[in-house]
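Please keep the coordinates at hand while reading.

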Amino acid sequence: MHFPHKGLTIMLLLCVLMASIMTASAGNFLQDVDVTWGGPRAKILDGGRHLSLSLDKDSGSGFQSKQEFLFGRFDVQMKLVPGNSAGTVTTFYLSSQGGSHDEIDFEFLGNSSGDPYTLHTNVYSQGKGNREQQFHLWFDPTKGFHTYSIDWSPESIKFLVDNIPIRVFHNWENIGVSYPKSQPMRVYSSLWNADDWATRGGLVKTDWTQAPFTASYRNFNANGCVASSGSSSCGSKFSSTLQGGAQSGLDANSRNRLRWVQSKFMIYNYCTDHKRFPQGIPAECKRPRF
């Protein structure tokens, strides 16, 4: 095959390379996930374009990605349990296995009718978490689908809602802060009963007369480096492979949006909880947030 321009040939080769490396990117639930528990309470619909999870008094439900990843961007559109969702927790997170596991969490804590959901975020590294930040959302997450994203690179972890950053956790290993960067993780989601702690510290219990509770999903997108047999499909070239994606920092507009969310909608920040850390706040809390 003859190409009149060398540049065009290089561009086409790069496109082929990117397509082979960034696997599992065009989401279809039938192809990309396995239902792991809950049996018929988890339903893949419309040829894999939609998925629903349900919770009743007997069980919740959940799914996980077929692939493991070491870095990438992971998106899903969700519509949360409507009405009185007190006691329920809907999750979207990354996790490895074992006692010293890594984990990056979105957890949506239900509430009584008319009260807002609490969006709970956390980062675990080598089995240690205790890095919670919580938010209220600036919209009703039960009325329509909204996009929730985890953008994980060797430099930082970004949590985004409708592509607006709400939290950035930087890699501060140079000051002794553990960071998830070596354990491959799967993508998980679940809907389960946690009325011993989820709503007002467990004071408000699940109203089972409202069951089944259902959360809906669409447009799952795992744009990451697939891990297999201890290696990553991106190899050591993560930075060049994911240019403009998880590797990139925040531009000025994104930093302004992050400040807006954290000033208006953050309701808990472990970095300011001095009673919890009487010996001093964690080291990463003393570093720039943006």
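**A covalent link and its surroundings**

Cys271 and Cys285 are joined by a disulfide, with an S to S distance of 2.0 Å; the term denotes a pair of cysteine sulfur atoms within 2.5 Å. The model is a predicted one, in which local features need pLDDT of at least 70 and side-chain atom pairs count only at pLDDT 80 or more, whereas totals for chains, interfaces and linings use all residues. Residues are numbered from 1 along each chain as its sequence is written, and side-chain values use heavy atoms, with hydrogens and water left out.

A search of the whole structure finds one disulfide. The torsion about the S-S bond of Cys271 and Cys285 is about -70 degrees, and the disulfide is therefore left-handed. Both Cys271 and Cys285 lie in the segment after strand 16 (266-269), so the pair ties together parts that are 14 residues apart in sequence. Strands (E, at least two residues) and helices (H or I, at least four) are DSSP runs, numbered from the N terminus. Cys271 is buried, at a relative accessible area of 16%, and Cys285 also counts as buried, at 16%. Buried here means under 20% relative accessible area, exposed over 50%, and partly exposed in between, with a 1.4 Å probe and protein chains only.

**Strands and their pairing**

In total, the protein chain contains four helices and 16 strands. Two strands are said to pair if DSSP finds at least two bridges between them. Ser95 stands opposite Glu103 in strand 7.

Strand 14 (residues 213-228) pairs in the antiparallel sense with strand 3 over six bridges. It also pairs with strand 5 (residues 68-79), again in the antiparallel sense, over nine bridges. Thr214 in strand 14 stands opposite Ser54, while Gly224 in strand 14 stands opposite Gly72.

Ser52 is located in strand 3 (residues 50-55). This residue counts as buried, at 10% relative accessibility. Not counting residues up to four places away in sequence, Ser52 touches Arg41, Ala42, Lys43, Leu45, Thr214, Ala215 and Ser216; contact means heavy atoms within 4.5 Å.

**The core and the whole chain**

In soluble globular proteins, nonpolar side chains tend to be buried together. A nonpolar core is a set of buried Ala, Val, Leu, Ile, Met, Phe, Trp, Tyr and Cys residues joined through side-chain atoms within 4.5 Å. The largest one has 55 residues, and those with the most contacts inside it are Phe92, Phe106, Trp152, Ile157 and Tyr217. Neighbours within four places in sequence aside, the contacts of Ile157 include Ile104, Val123, Trp152, Phe169 and Tyr179. Asp151 and Arg167 are also among the contacts of Ile157.

Of the 290 residues of the protein chain, 49% count as buried. Among contacts with a separation of 6 or more, 67% are between residues 24 or more positions apart. The accessible surface comes to about 14,000 Å², of which 51% belongs to carbon and sulfur atoms; accessible areas come from the Shrake-Rupley method with a 1.4 Å probe, and for residues only the protein chains shown count as cover.
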